[in-house]
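Biologist: Hi! Could you walk me through this model? I'm new to looking at structures.

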Protein chains: 2
Amino acid sequence: MRISELAAEADVSIATIKFYLREGLLPEGERSSATQATYRADHLERLRLIRALIGSGVSISQARSVLDAIDRPPTNAYDLLGTAHAATMTRTADAVDTTEAEKLVRRLGSADGRCDDVVLGAIARALGQIEEAGFQVADDVMTAYLDAMRRIARAEIAGVPTDSTEAAVKYVVLGTILVEPLLLALRRAAEQIAAAERFGTH
Amino acid sequence: MRISELAAEADVSIATIKFYLREGLLPEGERSSATQATYRADHLERLRLIRALIGSGVSISQARSVLDAIDRPPTNAYDLLGTAHAATMTRTADAVDTTEAEKLVRRLGSADGRCDDVVLGAIARALGQIEEAGFQVADDVMTAYLDAMRRIARAEIAGVPTDSTEAAVKYVVLGTILVEPLLLALRRAAEQIAAAERFGTH
């Protein structure tokens, strides 16, 4: 199909498609003349994926890393997860104290209190911001967070498909990133329901 | 204290403080001369809170709404939660189909399948992006998400302090917003631990 048909099918503007082509997110179509290129169904699929990633708050350069991981996957599902996480988290140069973060990771079930440094740093920074703001997470609430995340992760990882690497990559990368806005919105809905139960709505 | 001392105490630049003053996030200090103002301990506390909000990905205008809610709180804890949620979620003009989102809210425990429209819209949009990307959340994983969020919300709402409105406001507003980066980082750590358990690390 032509670029105009691709745009109509994916419901995006031609200018947006040209931007993704320039940024290397979408592969070039096959040249059919000096001024025209032909796009296939897999271009449309890739375009929808790019839209979904950007719509989930992933930056252009993070989207590029994610698409690279899908195109050139690591061989092990554990490394894959690391790639997906690294592509979508900010690695900062600031040294942060990770003592409390390591304690939480141990409570999550890691015997040696270790996970990827990017993730450990993200936990430490999140704890730092909570403390900075003068807020405290009560211990029973923290326990609920850890239990909840452990259950979620086990259900998610149990579902990683093992029949094809491509399927595993898509599952891990997209499941990590695209589900985040859903989880945060579900938490807010659950909070409203729990607040209505405790305080009434008037 | 002077603005330079406030900057040193909070570890931010004087330019940043002036920006927050111009944006109305930080109240003006008391004028002590034509060119100097004096700041108190509550300015420092407010400044730390602003830093924590901005650091959690809250925009300047969202931070203003959150601070307004803290300064002029609604009387009911349920309305408070709505204010905190509305201040930090994007209300879009796009009509979205909320049928699936309402089903999830009912599974969360709301008899009439209702929560605030902003939250319902956010769930619907998150589901739409997942579908757009060609990804599916398996039903047992979705059940794990709903169970986890229900547990988290009950623990959080059970802890809302009822002795002072100000304490309740701070708890609800800050607990909602500041905990989000922590939860997402804990989920990633839990995923890495679960992946290591299932696939090994080599």
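Predicted model: local features only at pLDDT ≥ 70, side-chain atom pairs only at ≥ 80, totals over all residues.

Biologist: Great. How many residues of chain A are in contact with chain B?

Modeller: On the chain A side, 82 residues are in contact with 83 residues of chain B.

Biologist: And what area is buried between them?

Modeller: About 7600 Å² is buried between chain A and chain B, and carbon and sulfur atoms give 69% of that. In chain A, the residues that lose the most area to chain B are A:Arg187, A:Arg188 and A:Gln192, together 11% of what that side buries.

Biologist: What about polar contacts across the interface?

Modeller: There are 18 residue pairs in polar contact between chain A and chain B, counting pairs with both residues at pLDDT 80 or more.

Biologist: Which helices of chain A supply the side that touches chain B?

Modeller: Helices H3, H5, H6, H7, H8 and H9 of chain A each supply at least two residues. The largest share comes from H9(A), with 28 residues.

Biologist: How do the residues on that side of chain A divide into nonpolar, polar and charged?

Modeller: That side has 51 nonpolar, 17 polar and 14 charged residues.

Biologist: Can you show me some between the chains?

Modeller: B:Arg188 pairs with A:Glu180, with their closest N and O atoms 2.9 Å apart. That pair runs from helix H9 of chain B to helix H9 of chain A. Another salt bridge joins A:Arg154 and B:Glu197, at 4.0 Å from N to O.

Biologist: Last one: at what angle do H6 and H7 of chain B pack?

Modeller: Helix H6 (residues 99-108) and helix H7 (residues 117-132) of chain B pack at about 115°, and their axes are 8 Å apart. The crossing of H6(B) and H7(B) is right-handed.

Biologist: Which residues make that contact?

Modeller: From H6(B), they include B:Leu104 and B:Val105, and from H7(B), B:Ile123 and B:Leu127 are among them. The residues of this contact divide into seven nonpolar, no polar and two charged.

Methods. Residues numbered from 1 in each chain as written. Chains lettered and ligands numbered in written order. Heavy atoms only, no water. Contact = heavy atoms within 4.5 Å. Buried area = accessible area lost by both parts, 1.4 Å probe. Salt bridge = Lys/Arg side-chain N within 4 Å of Asp/Glu carboxyl O. Polar contact = N/O pair within 3.5 Å; in protein donor to acceptor, adjacent residues only side chain to side chain. Helix = DSSP H or I, 4+ residues; strand = E, 2+ residues; numbered from the N terminus. Nonpolar A, V, L, I, M, F, W, Y, C, P; charged D, E, K, R; others polar. Axes fitted to C-alpha atoms, helices over the stretch in contact; angles between N-to-C directions. Left-handed = near helix turned anticlockwise from the far one by under 90°.
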